[in-house]
Amino acid sequence: MNTAVITDTMNKDFVLAVEGLTVSFDGFKAVNDLSFYVDENEIRVIIGPNGAGKTTVLDLICGRTRATTGSIRFKDRELTKMKEHEIVRAGVGRKFQNPSIYEDLTVFENLEISYPKGRSVPGALTFRRDRAVKERVQEIAETIFLADQLDQRAEYLSHGQKQWLEIGMLLIQDPELLMLDEPVAGMSVSERKKTAELLNTIIKNRSVIVIEHDMKFVEDIAHKVTVLHQGKILSEGSMAKVQADPKVIEVYLGH
Amino acid sequence: MLKSDRTFFLRPQDMIGIAVLAFLLIVVLPLTLDNFRLQFVGKYLTYAFVALGLVLCWGYAGILSLGQGVFFGLGGYCMAMFLKLEASSVEATKIQTTPGIPDFMDWNQITALPYMWQPFNSLTLTLIAVIMVPALFAFIVGFAMFKRRVGGVYFAIITQALAAIMTILIIGQQGYTGGINGITDLRTLNGWDIRTDSAKTILYFVCVGLLIACILIAYFVKSSKLGRILVAMRDKEDRVRFSGYDVANFKVFVFCLAASLSAIGGAMFTLQVGFMSPSFVGIVPSIEMVIYAAVGGRLSILGAIYGTLLVNWAKTSFSESFPELWLFGLGGLFIAVVLIFPNGIAGLWQSYIAPHLGPLFGGAAKRRASPPATPPAAPPSGTAAPAAAE
């Protein structure tokens, strides 16, 4: 995945275009006729009350849930028809809400598995831990504050460190669109600060969609905020605009 | 630099482990056991191939198959078909209605060799079939299941059903398979009489050689990135999928590999014991094979071999004295493993013995598994020593 080449040859305005997206679970429309667009290098934060459909939107983009109708176009490729691993290889990375890491493996091995090489069965059998891999793992480990923990089994990391590790596992894939589901949930104040710092360093050359409840954190990082309510967009725009929107105050912020 | 930074696929403690096992099987047992007992060990070792496959498939990848007997049987039947054809020459069978076909076919009014049997006139094709037929069957089953994301208990139940189906099929198609008696009265392999004591001793050593080769293959797979992906999949399948891997392909691969390993064991069983029958295919033997791996330690390649030897040795000595009690003993053993030592003998070795032996005997693995002296992180939630994803 060569980001430079792709950005040069791409003159699309939007990295991600979601249009008319609907998903219904036994008649219940968790996401209802949703449309939104994410620009290149934009940090978009999705907020909304519980059950608004935020996580479902990420599930739909990364292929975990299949859309009932509508389209999701990523750099002009239709994601709704692609398999999960193809979507990842196209350049979409997704972090889950609970830290999703491999507890039985070391930090190094966790990052190594995410390194975008040797992803087929023969490729994985013949994969060599060469210099390029080691340097890249080292580089990412430094970014996520885990450089001195490479040989540690991941299960012994703290909750915050696990979250960082998963972010690192995404970074090593160098995705063009990074989706983070509540990256600071359950973190201490100092960890939260460090995470905001981390996010600010990793957003270069990529677009990011973040789901977050922590308003202070949202204010710190968001370029644009989308407020979801009952599967629909309630409001969209800058943080200030959204916060001033009476509809938003009514259903969410006012509570 | 990294402790995990190694270039060769065997760590020093693995090499010592394999050397100790090889010494035991090649030198100690042949020198201490009489021929009769050594043949028993040879038979046990054929099950060790299955246990080895289960370590990769169940221990590492988390795919519990309760139908490994099917693959053991397929390998065994492929070999038995070749041997049976060799034993059914026209001269040897001239009293039959149709000379030159296996006796059980003649008894079932079959008058020509079925197409299915034709390739087994050739030893080369037979050896290819021993590996490929079970692998192909595992591929079809695995592809159908894993692409649809059938896993866990559902997969285990389906494999168990397969074992039942296979037994019924073999028994029902008597004219083609020899039915419930199996394929018996096997005599020679390319003219070499396999029934003599000296032949059985040679076959024992062939079996040990193949087992060690398969152990090396298992170590290679385990130490490759593929091995770590299997562990990762067992833990967080979705994370692997959303890291750009087609998870089903890896499951199909390891299931096929386990099937081929089992089949090699099956073929060696036929050669050493001199017959193959549906009683090695069904649900009960399949579950027994899982118990071998569990007792030895499903996360340990060498542990599974020792587990197989130990359980079978216990089975033989127990059922000689208390035949009715054996099944209860086996069941009790399985419950004890699950409740008291989930990582089997290998887990006990790792936690209690290896730490006193120094790094070359696995002591290092223990140290790596425990948290370092100054963890900035919270203490580990589980204190049980992980017998190793290593």
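**Close-up views of a predicted two-chain model**

**Figure 1. The contact between chain A and chain B.** In this predicted model, 34 residues of chain A are in contact with 31 residues of chain B. On the chain A side, the elements that each give two or more residues are helix H3 (84-90), helix H4 (107-114), helix H5 (121-126) and helix H7 (159-171). Sorted by class, this side of chain A comprises 16 nonpolar, eight polar and 10 charged residues. The scores of the model are ipTM 0.88 and pTM 0.89.

**Figure 2. Chain A as a whole.** Chain A contains 11 helices and 10 strands. Its C-alpha trace spans about 55 × 40 × 40 Å along the principal axes. The radius of gyration of chain A is 18 Å, which agrees with the value near 18 Å for a compact globule because that is what the rule gives for 255 residues.

**Figure 3. The six-stranded sheet of chain A.** An open sheet of chain A is built from six strands in the order E6-E7-E8-E3-E9-E10, with mixed pairing. Strand E6 (92-95) and strand E10 (232-237) of chain A are the edge strands, each pairing on one side only. On average, neighbouring strands of this sheet are turned by 15° against each other, direction ignored. Helix H2 (residues 54-62) of chain A packs on the sheet and touches strand E3 (43-47), E6, E7, E8 and strand E9 (224-229) of chain A. The direction of this helix makes about 145° with that of E7(A).

**Figure 4. Parallel pairs within the sheet.** Strand E7 (residues 177-181) and strand E8 (residues 207-211) of chain A pair in the parallel sense over five bridges. Within E8(A), Val208(A) is the residue opposite Leu178(A). The pairing of E3(A) with E9(A) is also parallel and runs over four bridges. Here Thr226(A) of E9(A) stands opposite Ile46(A).

**Figure 5. The hairpin of E9(A) and E10(A).** These two strands, E9(A) and E10(A), pair in the antiparallel sense over five bridges. Val227(A) has Ser235(A) in E10(A) as its bridge partner. Two residues lie between the strands of this hairpin, and Gln230(A) in the turn has a positive phi of about 50°.

**Figure 6. Packing of two helices in chain B.** Helix H3 (residues 68-87) and helix H6 (residues 152-172) of chain B pack at an angle of about 40°, and their axes are 8 Å apart. H3(B) contributes Gly69(B), Val70(B) and Gly73(B) to the contact, while H6(B) contributes Leu162(B), Ala163(B) and Met166(B). The residues of this contact of H3(B) with H6(B) are four nonpolar and two polar, with no charged residue.

Figure 7. An unreviewed UniProt entry lists several spans of chain B as "transmembrane region", among them residues 45-67 and 123-146. For residues 45-67 of chain B, the end C-alpha atoms lie 19 Å apart, and the span is 70% helix and 0% strand. For residues 123-146 of chain B, the end C-alpha atoms lie 34 Å apart, and the span is 100% helix and 0% strand.

**Figure 8. Confidence along chain B.** Chain B has a mean pLDDT of 89, and 90% of its residues reach 70 or more. Over residues 364-390 of chain B, the pLDDT is below 50. Beyond near neighbours in sequence, this stretch of chain B has 41 contacts in the model.

Key
Residues numbered from 1 in each chain as written. Chains lettered and ligands numbered in written order. Predicted model: local features only at pLDDT ≥ 70, side-chain atom pairs only at ≥ 80, totals over all residues. Contact = placed C-beta atoms within 7 Å. Nonpolar A, V, L, I, M, F, W, Y, C, P; charged D, E, K, R; others polar. UniProt positions renumbered as here; feature names shortened; annotations may be inferred. Pairing = 2+ DSSP bridges. Axes fitted to C-alpha atoms, helices over the stretch in contact; angles between N-to-C directions. pLDDT = per-residue confidence, 0-100. Rg over C-alpha atoms; globule rule 2.2 N^0.38 Å.
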